[in-house]
Amino acid sequence: MGNQLVFYLVAAIILVAASGVIFLKNTVHSTFMLVLAFLGVAVVYLMLNADFLAMAQVLIYAGAIVIMLLFALMLTQRRETIMLGGPDEGRSFVGGLVALLLFVIYFRIIASSPWANQNLTQSTLAAVVKDPQTQAIIGTAPIIGKEFFGTFLLPFEVASIILLMALIGAILLAKRDSKKS
Amino acid sequence: MSWLSIPHLAAPFGLSHYLILAGALFCLGLYGVLTLRHAVRVLMCLELMLNAVNIVLVAFNNYLPAVTPLRGQIFSLFVIAVAAAETSVALAIFLLMYRHYQSVDIEKVDTLKW
């Protein structure tokens, strides 16, 4: 019951913060609403027994990615770009219609799925580690680490190459042409 | 209006609640991507959509029995890694855009528009 209450509270916070990201006039304010939404998603991860992922969410999303977005904002700041906030009137009708229709379809799919009305309370961590006390102590990090260096070793290395490529690509793109200046 | 009926909300608290939350977040992000004009805000809404997908992955991972434990969580960690890479490249592209057009209004970047 308490779990349910927390869920509704966090869901309301996430959705209000996400609306703030879209509808606030000032872009810097909407970035801070984005932090709130990311932290809410981290709480949802905690409720779903994903402790390592919740910490990664706080560090990477609410920390690193938001800082990068703020850098992008500050480096491209001008009076007219600050005033650019909020949805464009010409497109808000069609955009809203598309988003609403997609949500209705999604809602119907979930409602008509076979597992929507089942009482699923199985936790995968509980399936691996039987003792609840050990469960609380070890969390999900050791299992994720073993998987990363076992089954998912190749995707893990590919992800590191992607990050390296992004690093080099970003530097190449943003660097001023030294011959011109 | 039978297609609007909400039978599962009577269902016990669980998987479908998380899925509805993720769907609402995804559609809000989609609305932002379709309507906003500031390029950085479009990127923010894209991140919201990625977060919604991650919630779905983690929710299914928690509630449905898996062959490999925590496969959904590992997949969403990869999503986070790719999102970080994408944001850094997008930042560089916005800087270039600002240098070239003196603006980050996506309406002004219309060279390829016909």
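Trainee: Which elements each supply at least two residues of the lining of the largest pocket?

Mentor: This is a predicted model, where local features need pLDDT of at least 70, side-chain atom pairs count only at pLDDT 80 or more, and totals for chains, interfaces and linings use all residues; side-chain values use heavy atoms, without hydrogens and water. Residues are numbered from 1 along each chain as its sequence is written; chains are lettered from A and ligands numbered from 1 in written order. A pocket is an open set of points on a 1 Å grid where a 1.4 Å probe fits, with protein on both sides within 12 Å along at least five of seven lines, and lining residues have an atom within 4 Å of a point. The elements are α3 and α9 (153–174) of chain A and α3 of chain B.

Trainee: How many residues does α3(B) give to this lining?

Mentor: The lining includes A:Phe52, A:Ile60 and A:Phe156 from chain A, and B:Leu77, B:Phe78, B:Ile80, B:Ala81 and B:Ala84 from chain B. The most comes from α3(B), and the number is 5 residues.

Trainee: How many helices does chain B have?

Mentor: Helices are DSSP runs (H or I, at least four residues), as are strands (E, at least two). From the N terminus, the elements of chain B run α-α-α. Chain B has 0 strands, and its helices number 3.

Trainee: Which residues of chain B are in contact with A:Val44?

Mentor: Contact means heavy atoms within 4.5 Å. Leaving aside neighbours within four places in sequence, A:Val44 is in contact with A:Val10 and A:Ile14 in chain A, and in chain B with B:Tyr18, B:Leu21 and B:Ile55.

Trainee: Is B:Gln73 buried or exposed?

Mentor: B:Gln73 lies in helix α3 of chain B. Beyond residues up to four places away in sequence, B:Gln73 touches A:Leu48, A:Asn49, A:Ala50, A:Leu53, A:Thr140 and A:Ile144, as well as B:Val58 and B:Asn61. Buried means under 20% relative accessible area and exposed over 50%, partly exposed in between (1.4 Å probe, protein chains only). Because its relative accessible area is 1%, B:Gln73 is buried.
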